[in-house]
Amino acid sequence: MTSFLTALFLCAAANAPLYEQQLVFEPDPKHNHSSSIVETPNGDLLVCWFHGSGERSSDDVLVAGARKRKGDDKWSAPFIMADTPNLPDCNPVMFVDPRGTLWLFWVTIQNNEWGGALLKYRTSTDYAQDGPPKWQWQDVVHCRPLDLEDDFLEAVKQAEIQYAPQLKADEKMAKGLNEWKTKAKDKLAQRLGWMPRIHPILLGENRIMLGLYSDVFNCSIAAFTEDWGENWTFSQPIISYELGNIQPAFVTKKNGDIVAFMRDNGIPKCIRTSVSADHGINWTPTATTALPNPGSSVDCVGLKSGSWVLICNDTQDGRHILSAYLSEDEGATWIRRRRFESFIKDQGSGSYPSLIQAADGTLHLTYSYVSQEFKGSAIKHVHFDEAWLRDGEQISQPTTK
């Protein structure tokens, strides 16, 4: 009888929804932000983030990383992934391609302004050992978006029509639009300042599609390589007169269309979306969804089951709530929601999610974590599965308004 009950208990435990959480490192007094997580071919986890006294204005900022061995319950001590002396290194993003090569994308800030971000990448095939990867190659990605000047100026023109009363009443807003017009004609401004935030996706066997955004032009683009980084091409801007759609997370639908879910840096304070029917080259005008967003990064992943999972700060003011949404119809509606963090406003935050589905089907999430319980910040890792998410709050939330 005892053996039977033990077996029954073990079976129930094996089928129970999975949820585990831990900090990657003890809270640190410096700024730790914008993480990215990948699973390596041998089942280890790698996470990276930027670490320093601040962000673009702090020249000691570097890209740090840590490793969690398959089967271990602790992360390694942090190590350096990239550090350009006396310049800030920010917004790291990792990717493991079909050959097993590890990529690290990030930006080095040339002038302590986001518009001076220089996009770089390095690759490694030797990263299974303790400590940082041994990098074999590094290069700069020179960005030249398709028709940015024309498309951006058309968006500004439409904004002037749509927001005519506000522009007449707000001198600062009108001045900002005029400055945008000038920058749109400046070739250096067009080609610097493009930053990654979310994992690339793979189109076919070797076409990598990396989402980029600009805080100067307040819009997004996609970058492509199909020769493992030797050459890069770029999409049309993902843009509309509302502007403010940045940090795209790309998900591919069953029919081949690609959906971009984006942070809202503008007025509606809701997640933005756009769709490409030609593999990411051209995009529909951005739409405002019904999902709130306070000006914070989102991530979205299509699962092997066909479900989609969206991670976001679903508030319009603050990053104190972080949630997961589940969709069974490729993002048309969201049927379940679970909270990862639910702080009282200004007493903590969880933000800038990085989400992957591992080879075993479970999900790994990392994000920036701050709490009044400690001084400083950390990166939190959460390991969960679709069953845990399906046990969450039942909702009926359409994506579009």
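The views below come from a predicted model, in which local features need pLDDT of at least 70, side-chain atom pairs count only at pLDDT 80 or more, and totals for chains, interfaces and linings use all residues. Residues are numbered from 1 along each chain as its sequence is written, and side-chain values use heavy atoms, with hydrogens and water left out.

**View 1. Arg197 is buried and has no salt bridge.** Buried means under 20% relative accessible area, with exposed over 50% and partly exposed in between (1.4 Å probe, protein chains only). A salt bridge is a side-chain nitrogen of Lys or Arg within 4 Å of a carboxyl oxygen of Asp or Glu. Lys and Arg count as positive, Asp and Glu as negative; His and the chain ends are not counted. The nearest side chain of opposite charge to Arg197 is Asp299, 6.0 Å away. Arg197 sits in the loop between strand E10 (194-196) and strand E11 (201-203). Helices (H or I, at least four residues) and strands (E, at least two) are DSSP runs, numbered from the N terminus. The backbone oxygen of Pro353 lies 2.6 Å from a polar atom of the Arg197 side chain. Contact means heavy atoms within 4.5 Å. Beyond four places in sequence, Arg197 touches residues including Val93, Tyr213, Gln247 and Tyr352.

**View 2. The largest nonpolar core has 41 residues.** Such a core is a set of buried Ala, Val, Leu, Ile, Met, Phe, Trp, Tyr and Cys residues joined through side-chain atoms within 4.5 Å. Phe152, Trp194, Leu212, Phe217, Trp232 and Phe234 have the most contacts inside this core. Among the elements that each supply at least two of its residues are strand E6 (89-96), helix H4 (171-184) and E10. The largest share, 5 residues, comes from H2. A second, separate core of 19 residues includes Tyr367, Tyr369, Phe384 and Leu389.

**View 3. Strand E4 (residues 62-68) is largely enclosed by the rest of the structure, because 7 of its 7 residues are buried.** Leu62, Ala64, Ala66 and Lys68 point one way. Val63, Gly65 and Arg67 point the other way. Two strands pair if DSSP finds at least two bridges between them. Strand E3 (residues 45-52) pairs with E4 in the antiparallel sense over 7 bridges. Leu46 stands opposite Arg67 in E4. E4 also runs antiparallel to strand E5 (residues 79-82), joined by 3 bridges. There, Gly65 has Phe79 as its bridge partner.

**View 4. His51 lies in strand E3.** Its side chain makes a polar contact with the side chain of Asn32 (2.8 Å). A polar contact is a pair of N or O atoms within 3.5 Å; within protein, one must be able to donate a hydrogen and the other to accept it, and residues adjacent in sequence count only if both atoms are side-chain atoms.

**View 5. Strand E20 (residues 308-312) is largely enclosed by the rest of the structure, because 5 of its 5 residues are buried.** Trp308, Leu310 and Cys312 point one way, Val309 and Ile311 the other. E20 pairs antiparallel with strand E19 (residues 299-302) over 4 bridges. The two form a hairpin with 5 residues between them.
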